[in-house]
Amino acid sequence: MTVTEMSWRPQYRSSKFRNVYGKVASREHCFDGIPITKNVHDNHFCAVNARFLAIVTESAGGGSFLVIPLEQTGRIEPNYPKVCGHQGNVLDIKWNPFIENIIASCSEDTSVRIWEIPEGGLKRNMTEAVLELYGHSRRVGLVEWHPTTNNILFSAGYDYKVLIWNLDIGEPVKMIDCHTDVILCMSFNTDGSLLATTCKDKKLRVVEPRSGRVLQEASCKNHRVNRVVFLGSTKRLLTTGVSRWNTRQIALWDQEDLSMPLIEEEIDGLSGLLFPFYDADTHMLYLAGKGDGNIRYYEIGSEKPYLSYLMEFRSPAPQKGLGVMPKHGLDVSACEVFRFYKLVTLKGLIEPISMIVPRRSETYQEDIYPMTPGTEPALTPDEWLSGVNRDPILMSLKEGYKRTSKIVFKAPVREKKGVVVNGIDLLENVPPRTENELLRMFFRQQDEIRRLKDELSQKDIRIRQLQLELKNLRNSPKNN
């Protein structure tokens, strides 16, 4: 049975979300003139919260990203200040869920960095991070903040390791070392007690993050997994991937038994990666393909067939990636239940798309806005590391959705030393470099040598000009 056939079943017509539609912001409320990165890494290259929009940009030498206050829509000047401290391409960026001016970034330069954005945004280029975190021996492809604990950050590198950083001390405190290839995706359950990962070794894993113990593992032969998302507190997972016939596919899993998916659904025959987004408040799943212009959305149920197709938002412009606004940044007066920020590379455009439940009433709609995870952490790093689990602290969007957190980030003072996790010095035990990495380093060094030669040549020309001017000055009649 296809998803489309499922959508004709009469019981789904009673859904309050059956008429949800996507509304694109007017051109003056978009962000224009942005040199969006051309990097082919399968990430979103975009992060958004209730105050700022961050976008990874194309840059010559090193990596950079823009941070723009949300109210500053319209055309962005070419010389707009950037965050540009990384020595390699920036591969992922994520806002701290509890401190709205703190953003984490990771890069091909093997570092993870924490940046503090000043009130009102950047006035000049920012090159100094409040924290530079070194523990990976390869480039770092993913960063994720823990959903309920302040200052706990996860990073996944091309060294096949996941490091857990305690930012109170600025050190890695745990290492998850169960993967045998590049980690493609990480997703937490609601209280952050479980971590689901997909990996290039074609396995889906559910891991206990503090011990690094693999609780469940699926070898996906018929469904080559790319992305995974926990479906809130339903004890279910959803993955997107590719079938053995190279069609795009989604699969639903029981987190306590990954021996077989509960259902598998083929979507279409296109080749772009499918990004899944889940809204636990409305039980809606959004699927957006990289390079597609459309976003499909479904409702997730607790009983078979579990998944009902609702509608499709269509647009001719292909998306490179999508940022998602946290719930407390939505416009509840317009009955907005989800908001994407779509990256349109060819136009240098970031386009907000609001998913709206059509309602006639102007009053606050309690039924579509249940209590939702807010901006206060439930745990300190020490509590979580000692084994405590706690659900997120919930907030109502009726009164408190513009309330800002009072937590301030304090960077620890550290001295340079080895990074020891699980008894292994991560910076001493570096695996041998691959041929591609050596070639990349060689070409980077060649570029640097060329740049230095050009600089020396320019300085040499300037010195000759000055010598000539000095000679002319000495030979002038005035000096005779």
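## A salt bridge within a helix

The side chains of Arg 464 and Asp 460 come together in a salt bridge, with 3.4 Å from N to O. Both residues belong to helix 3 (residues 435-475), where they sit 4 residues apart, about one turn of the helix. How open to the outside are the two partners, Arg 464 and Asp 460? Arg 464 counts as exposed at 55% relative accessibility, while Asp 460 is partly exposed, with a relative accessible area of 35%.

Please keep in mind as you explore that this is a predicted model.

## The chain as a whole

With that pair as a starting point, let us step back. The secondary structure of the protein chain comes to 3 helices and 34 strands. Of its 480 residues, 54% count as buried. Among contacts in the chain with a separation of 6 or more, 52% are made by residues 24 or more positions apart.

The accessible surface of the protein chain is about 23,400 Å², and 50% of that belongs to carbon and sulfur atoms.

## More salt bridges

In total, the count of salt bridges comes to 25. One of them joins Asp 32 and Arg 75, whose closest N and O atoms are 3.7 Å apart. Asp 32 lies in strand 2 (residues 31-32) and Arg 75 in strand 6 (residues 74-75), so this pair ties together parts that are 43 residues apart in sequence.

Another salt bridge links Asp 367 with Arg 359, and here the closest N and O atoms are 2.9 Å apart. Asp 367 is partly exposed, with a relative accessible area of 37%, and Arg 359 is partly exposed too, at 29%. Salt bridges can also form a network, as they do among Asp 201, Lys 203, Arg 205 and Glu 217.

Strand 12 meets strand 13 (residues 152-157) over 5 antiparallel bridges, and Glu 144 stands opposite Phe 154 in strand 13. Elsewhere, strand 18 (residues 203-208) and strand 19 (residues 213-219) pair in the antiparallel sense over 6 bridges, with Val 206 opposite Gln 216. Their hairpin has 4 residues between the strands, and in it Gly 212 takes a positive phi near 80°.

## The nonpolar cores

The largest nonpolar core has 34 residues, and those with the most contacts inside it are Ile 34, Leu 53, Phe 65, Ile 117, Tyr 341 and Ile 350. Strand 3 (46-48), strand 4 (52-57), strand 5 (63-69), strand 8 and strand 29 each supply at least two residues of this core. Which strand gives the largest share of this core? Strand 4 does, with 5 residues. Leaving aside residues up to four places away in sequence, Ile 350 touches several residues, including Leu 53, Ile 55 and Tyr 341. Apart from this core lies another, of 25 residues, with Met 284, Leu 310, Cys 335 and Met 355 among them.

Val 337 lies in strand 29 (residues 336-344) and is buried, with a relative accessible area of 0%. Among the residues Val 337 touches, not counting those up to four places away in sequence, are Asp 279, Lys 327 and Met 355. Although Val 337 and Asp 279 are 58 residues apart in sequence, 8.6 Å separates them in space, C-alpha to C-alpha.

Thr 372 is found in strand 31 (residues 372-373) and is buried as well, at 2% relative accessible area. Again not counting residues up to four places away in sequence, Thr 372 touches Asp 281, Lys 327, Ile 393, Leu 394, Met 395 and Leu 397.

Terms used: Residues numbered from 1 in each chain as written. Predicted model: local features only at pLDDT ≥ 70, side-chain atom pairs only at ≥ 80, totals over all residues. Heavy atoms only, no water. Buried < 20%, exposed > 50% of the residue type's maximum accessible area, 1.4 Å probe, protein only. Contact = heavy atoms within 4.5 Å. Pairing = 2+ DSSP bridges. Core = buried A, V, L, I, M, F, W, Y, C linked by side-chain atoms within 4.5 Å. Areas by Shrake-Rupley, 256 points an atom, 1.4 Å probe, with all protein chains shown as cover. Salt bridge = Lys/Arg side-chain N within 4 Å of Asp/Glu carboxyl O.
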